[in-house]
Amino acid sequence: MATEQQTTGASADSGAANGTETLTVTDNRTGKTYELPITDSTVRAMDLRQIKVHEDEFGLMSFDPASTNTASCRSSITYIDGDKGILEHRGYSIESLCQNSSFLEVAYLLIWGKLPTQAQLERWTFDITHHTFVHEDLKHLFEGFRYDAHPMGMLLSGVGALSTFYPDAKQIKDEEERYMAAVRLIAKVPTLAAFSYRHNMGLPYVYPDNDLSFAENFLSMVFRKTEAKHIPKPELAKALDVLFILHADHEQNCSTNAVRGVGSSDVDPYSAVAAGVAALYGPLHGGANEAVLRMLRRIDRIDNIPDFLERVKSQEEKLMGFGHRVYKNYDPRARIIQEHMPAVFEATEYNPLVEIARELEKQALADEYFTSRKLYPNVDFYSGIIYEALGIPTDMFTVIFAIPRTAGWVAQWMEMQEDPEKKIARPRQIYTGERNLDYVAVDDREGPEKIVGPPARRPKRPRRGA
Ligand code: SDX
């Protein structure tokens with residue numbers, strides 16, 4: 001707990017001097033000095049509350065829109081060093097995991113904290129493989145969507161609906177229920193994802209095939225037609241499994257923050273993960289891979305790149321797939337994805353957008369506008385190109401991101417349940433509105449004639465990208 005020190009003319013002992021890790025703060029409004037403890041290179045925002053001018057005041061708060069410099073929790077799942085481009089899960093580098101592991105093994109590592117033994121991995125794989133079916137009633141939910149409904153909207157609804165099929169998941173303190181929710185979410189999200197694709201294509205749903213691996217099974221549920229068994233090319237399944245590892249978790253990103261925020265109300269994990277799906281849908285977050293492909297298609301030819309970059313620099317466009325809140329260096333995941341592109345392109349037809357992407361990256365990284373802002377390619381810049389090569393439509397890209405990120409969301413949700421500092425998320429605000437107004441009857445009100453909202457008789461608009 002911070003201690004308040006009345007400045008008596010003698011300067012307060014600085015933390016360094018007497019070896020304690022503290023911040024000495026002087027409130028120049030009162031001349032009072034306070035010593036705030038520094039723990040793990042942070043100070044507690046609540047320690048600011050004692051800093052007041054008058055005793056009956058609320059006290060100081062910190063103000064940090066979008067939490068750009070605020071730690072929201074303690075976590076041991078993922079470590080990122082944005083300046084050095086380092087990403088580790090439970091202490092293992094993303095490079096070593098992509099080289100040696102599989103997505104299901106990484107999902108186990110994220111959730112349970114250790115690499116599984118052979119027996120643990122077999123049981124984990126068996127449980128997930130045997131929970132990939134969804135209740136038949138969920139098919140009726142999907143049948144209620146328009147043919148051109150965006151698959152992320154369908155996935156969002158499907159994951160939320162899972163909470164209605166497993167009401168026991170509300171027992172969030174029950175370890176068995178937590179285990180079952182973890183298994184069901186990791187197992188069923190790919191099935192719901194594939195259902196959303198098949199609904200868009202007007203194709204019958206393909207049920208899970210328990211003989212296949214996690215990545216093979218997803219490709220089978222997406223692409224199987226009349227063949228009795230759909231066996232994807234091994235190099236494509238391998239590339240997808242690596243992409244799943246690369247997208248599994250990324251510490252306190254926007255969607256994980258949503259899962260933790262919603263989960264802090266003690267809601268069931270299906271509803272908390274549905275909040276993560278909703279956040280991931282946004283083009284600044286998981287929707288970026290879809291936006292990258294649309295951007296590359298709009299650029300269309302390499303000689304259009306200079307003009308496009310000029311429009312980015314005049315802020316008429318964003319260079320989607322570039323920039324990151326944490327990485328101020330090359331996103332290590334973007335490097336790893338590029339290593340797997342040749343194998344995918346050998347097994348599929350060549351994708352001309354790759355040339356545009358590579359030339360776009362080259363010209364951007366040679367331009368001071370981007371390097372001065374530390375804007376480098378992130379995970380989304382190349383992932384969409386591989387998904388397209390796999391024959392997956394653009395509006396399914398974020399759905400594919402959600403599949404592995406479900407393991408990360410579950411891991412973060414589970415870790416939060418054990419956190420002794422877990423409390424319902426309830427930020428404060430700086431109030432900027434009116435106060436103490438008297439109510440005015442509607443006949444006595446004056447005001448601008450403008451009616452808010454679009455004109456009453458709005459012309460029918462063509463449906464924008466579903
Ligand atoms: C993911 O958080 C995570 O870990 C996310 C993720 C995960 O695994 O969960 O890694 C996945 O979401 C990757 C990011 C995918 N999004 C995109 O590729 C969309 C394009 N990128 C940007 O919108 C942006 O870079 C963000 C949102 C990713 C990060 O934004 P920040 O950290 O808030 O950066 P900023 O907006 O403060 O930008 C700093 C400057 C600004 O210029 P100035 O006002 O200083 O002149 O850089 C500019 C921005 O305008 N800028 C860009 C840009 N990104 C930032 N300019 C052009 N194109 C861009 N992409």
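Which residues are buried in α8? In this predicted model, the buried residues of the helix are L236, A237, A239, L240, D241, V242, L243, F244, I245 and L246. Helix α8 is thus mostly covered, with 10 of its 13 residues buried. Buried here means under 20% relative accessible area.

The helix runs over residues 234-246. Its length fits its residue count: at 1.5 Å a residue, the 13 residues should span 18 Å, and the end C-alpha atoms are 18 Å apart, which agrees. The buried residues of α8 pack against several other helices. These partners are α1 (94-100), α2 (103-112), α7, α13 (332-347), α16 (379-389) and α17 (397-417).

An open sheet is formed by three strands, in the order β4-β5-β6, with antiparallel pairing. Strands β4 (78-81) and β6 (92-93) are the edges, each pairing on one side only. Two bridges join β5 (residues 86-89) to β6 in the antiparallel sense. The bridge partner of E88 in β6 is S93.

Key: Residues are numbered from 1 along each chain as its sequence is written. This is a predicted model: local features need pLDDT of at least 70, side-chain atom pairs count only at pLDDT 80 or more; totals for chains, interfaces and linings use all residues. Side-chain values use heavy atoms; hydrogens and water are left out. Helices (H or I, at least four residues) and strands (E, at least two) are DSSP runs, numbered from the N terminus. The expected span of a helix is 1.5 Å times one less than its number of residues. Buried means under 20% relative accessible area, exposed over 50%, partly exposed in between (1.4 Å probe, protein chains only). Contact means heavy atoms within 4.5 Å. Two strands pair if DSSP finds at least two bridges between them.
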